[in-house]
Amino acid sequence: MQLMNRILYINLSTGKIWRDEVSAADTLRYLGARGGNARLFWQEARGGIDPLGPDNPLIFGVGTCTGTHAPLSGRTTVTTKSPATNFYLKSNIGGGWGAALRFAGYNHLVVHGASAKPVYLHIAGDSVEIRPADSLWGQDVRETTRRLTLGEEHTEIACIGPAGENLVKMAAIMGSVYNAAGRGGAGAVMGSKKLKAIVASGDQPVRVAEPVRFQELVGQVRRNVAAATPSQQKYLYGTSASVAAINELRALPTKNFQRGYFPEAARITGQYLVEQGYLQRRVACFSCPTACHRYTQVDTGPHAGSYSGGPEYETLAALGAGTGSSDIQAILKGNELCNLYGLDTISTGSVIQFFMECQQRGVLSPEQTGGLNLDWGNAEAMLALIRMIAYRQGPGALLAEGVRHAARVIGRGSEQWAIESKGLEQSRVETRSAKAYALAFAVNPRGPDHLHCQPIAEFGFRPAGVDLIARLTGDAKYANPYTIDKRADIVLWHEDFYAAGDSLGLCSFATTADFTITPELAAGLFSAMVGAEVDADELLRAGRRIVTLEKCLNIREGATRADDRLPWRLMHEESPDRQGAINSPEEVDHMLDEYYALHGWDPRTSWPTDATLRDLVLDDVAVELKRLGRLL
Amino acid sequence: MSGMESTITIQFMGGGFVPGLPRKLMLDLTEPITIDALAIRLEGILGIVDLRAKLAQHFIIVVNGTTIQHLQGWQTIVAPGARVAVLAPMGGGSGTKGNMSMQAK
């Protein structure tokens with residue numbers, strides 16, 4: 001095997017810097033970024049550590065294909081223990097930072113310890129330095145990036161903003177200015193280490209073991225992307241094109257999931273951003289022909305001068321429909337503020353919606369509101385709260401801890417409209433009318449969101465998706481998001497492939513959303529890359545190993561079946577805009593039973609059995625869980 | 001029958017795939033019609049050749065909030081007063097069937 005799979009270790013407490021390599025066996029077992037990170041996290045961390053303490057490692061993993069010209073291969077995984085959930089966290093970021101780390105010669109970066117003073121890492125090939133960052137501390141993401149790129153060529157920056165410095169539980173790590181490893185508070189972990197930024201550059205070649213074969217596969221993927229309507233749609237309007245479609249399906253979470261239809265949705269769509277001239281340009285991650293990312297700008301009105309990357313669908317839904325606002329200029333301003341402060345727009349919008357609903361239901365005292373008018377649709381309150389959350393001011397100090405904590409403090413029944421599970425705010429997906437998504441969200445180790453498994457095929461939108469469902473379940477009739485039947489079969493395959501794709505650095509739009517990269521193509525790319533033959537079955541099996549290890553990381557933290565739930569509202573209230581749409585406890589339990597059975601996990605505890613772990617060559621994991629009394 | 005009840009609203013969202021599609025169209029309708037027949041009628045109204053085939057290739061069609069795949073497909077009946085949306089999907093595969101193999105187990 002020819003792949004160089006290098007790890008750079010840095011201990012910020014001691015200043016020690018050292019290097020190691022991933023073994024050939026582990027490269028084949030864990031594939032790369034996400035899988036490799038999970039393995040490293042199992043080895044480098046232990047259960048019960050404080051997510052914001054020096055014992056929590058922060059691990060970056062570059063995709064095995066990242067840094068090559070393989071299409072849609074620029075994704076990087078960030079792994080740590082989440083301060084939002086106290087469980088395992090993997091987050092994923094696009095842009096160009098991962099490729100830069102690869103050009104510096106590294107596949108993984110493991111940051112241990114914590115610095116006493118603000119620092120940043122300067123990685124330029126073999127030159128690795130821990131540099132003071134006192135003058136950067138307090139600066140926003142854009143200014144931090146600007147200063148660190150002055151005089152540097154071909155340099156990419158990953159950094160935190162004020163939210164990360166202030167240990168806000170929904171703080172993101174931002175890369176290439178406007179790309180975010182947003183979910184779960186990895187930015188707060190970076191802030192707890194007093195690590196402001198990581199500068200990466202280098203000129204190390206990324207060697208491909210079988211370049212001719214690799215090039216043929218790249219050509220095939222490019223042809224698939226060019227032929228795929230969804231890929232073209234994402235180029236034209238970005239993910240924000242989904243707003244109109246999802247609203248039309250009565251599944252656009254509105255006013256904190258109280259409704260599934262937003263009458264003013266036409267003014268917060270990707271189409272509207274293009275037609276009204278807010279779109280400035282389309283932007284691609286490293287080596288991506290789709291270019292779904294975009295920059296927008298406001299030229300008129302009270303927010304004139306605002307500009308930023310995005311907004312994505314999730315942002316428009318979280319800051320727009322979710323807060324009852326169609327003030328697109330204010331939403332663009334809110335998106336910019338989140339990006340500058342380094343905040344996850346999903347969780348930020350979610351806590352703001354939660355707070356507005358608290359006001360709607362009369363459970364807040366005047367002191368708790370901070371004097372804000374929290375009426376639905378008040379975009380200025382939304383903007384004020386974003387600032388307050390980033391700096392932990394006024395009610396922002398409470399909301400910065402996340403919606404679960406806020407509901408516990410506010411009480412008075414507010415847990416029923418806290419749209420979270422495991423402590424993570426749910427992304428803006430109406431799982432009550434998408435049952436495979438519901439199951440996927442319930443079992444996601446980091447909490448309920450769409451970036452662990454993307455079973456869009458269940459909708460039956462496209463022939464390729466229907467074909468896939470027929471193969472997975474035995475009948476095309478299961479390409480139906482309204483039934484709970486066969487959802488476990490669908491979710492397992494998507495989990496496996498998503499994990500494998502993440503590990504190769506592939507965008508999920510190419511793998512589980514659009515199928516422009518199939519398991520066969522992904523396996524071919526990996527094989528040609530590393531110079532060892534891995535077929536599609538083996539690739540998916542490696543994905544299963546990764547998913548199972550991630551589950552075990554949560555079990556090490558004490559997770560049980562009781563943690564695999566959905567937000568209370570979604571399990572107990574029907575969507576008013578689609579009759580019968582609910583994720584009832586009975587439905588969720590039924591799907592969980594089938595899911596655990598297919599995995600070979602114990603249905604009572606949700607823990608993998610000894611036989612399952614050993615079958616996946618996770619013997620050492622089995623030994624440790626047995627020692628902890630968490631193996632049956 | 002009032003004015004609104006005798007028309008159907010057709011919204012075309014997403015695009016670039018079929019030049020000439022309007023953003024929104026109100027169509028008088030005196031009796032129910034299938035989506036299949038509606039597409040053919042739209043071909044004539046909009047002057048777009050092979051519109052039905054293009055819709056099938058690039059779009060999903062939603063009638064009153066539900067995709068036609070989960071109704072009666074192209075034989076789904078559209079009644080006066082209905083709302084039809086023609087959406088470019090954000091995922092689920094390319095526009096043609098069987099253009100790539102799918103590993104599934």
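# Exercises on a predicted model

Chain A holds 27 helices and 17 strands (DSSP runs, numbered from the N terminus: helices are H or I with at least four residues, strands E with at least two). This is a predicted model, in which local features need pLDDT of at least 70, side-chain atom pairs count only at pLDDT 80 or more, and totals for chains, interfaces and linings use all residues. Residues are numbered from 1 along each chain as its sequence is written, and side-chain values use heavy atoms, without hydrogens and water.

**Exercise 1.** State what radius of gyration chain A has and how it relates to that of a compact globule.

*Solution.* The radius is taken over C-alpha atoms, and the globule rule is 2.2 Å times the number of residues to the power 0.38. For 632 residues, a compact globule would have a value near 26 Å. Chain A has 23 Å, which agrees. Along the principal axes, the C-alpha atoms fill a box of roughly 65 × 60 × 50 Å.

**Exercise 2.** Determine which residues of helix H27 of chain A are buried and how they are arranged around the axis.

*Solution.* Buried means under 20% relative accessible area and exposed over 50%, with partly exposed in between (1.4 Å probe, protein chains only). In H27(A), residues 619-627, the buried residues are Val621(A), Ala622(A) and Leu625(A). They lie on the same side of H27(A), because they cover an arc of only 100° around the axis, judged by the directions from the helix axis to the C-beta atoms. The face turned away from this buried side carries the exposed Lys626(A) and Arg627(A). Just after H27(A), Gly629(A) adopts a positive phi of about 75°.

Conventions: Chains lettered and ligands numbered in written order.
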